[in-house]
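I opened my notebook for a quick look at this one. Here is what I looked up, entry by entry.

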Amino acid sequence: MEARGLDSCPVNARDVKNVPDCPKTDRLDSVWLAKLAERGMLRGAFALPKPVRELRDLTRTRAVLTHGRTELAPL
């Protein structure tokens, strides 16, 4: 979303419990989240800085590629 210029605020799912005994749909969930955001009841989750996230992505990609290469190596 950041790449598209959209501002987002990730929140912890356990802080955003929906009302019990209500039907669960994406539309109702989005209304519920909007109401919580309007009232200032959402607390932002910890997000790593962008350089750290990029480094983690590169590390994961390298691990996957290395694993795939060793998996296909002849004995």
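Is Arg-60 buried, partly exposed or exposed? I found Arg-60 at 46% relative accessibility, so it counts as partly exposed (buried is under 20% relative accessible area, exposed over 50%, partly exposed in between, with a 1.4 Å probe and protein chains only).

A note on the model: it is predicted, so I kept in mind that local features need pLDDT of at least 70 and side-chain atom pairs count only at pLDDT 80 or more, while totals for chains, interfaces and linings use all residues. Residues are numbered from 1 along each chain as its sequence is written, and side-chain values use heavy atoms, with hydrogens and water left out.

Next I checked the partner of Arg-60. Its side chain meets that of Asp-57 in a salt bridge, 3.5 Å from N to O (the rule asks for a side-chain nitrogen of Lys or Arg within 4 Å of a carboxyl oxygen of Asp or Glu). By that rule I count 1 salt bridge. Asp-57 is partly exposed too, at 45% relative accessibility.

Where do the two sit? Both lie in helix H2 (residues 50-71), 3 residues apart, about one turn of the helix. An α-helix has 3.6 residues a turn, so residues three or four places apart point the same way.

Then I looked at the whole chain. I noted 2 helices and 0 strands (DSSP runs, H or I of at least four residues for helices and E of at least two for strands, numbered from the N terminus). Buried residues make up 4% of the 75 residues.

Last, just after H1, Gly-40 takes a positive phi of about 70 degrees.
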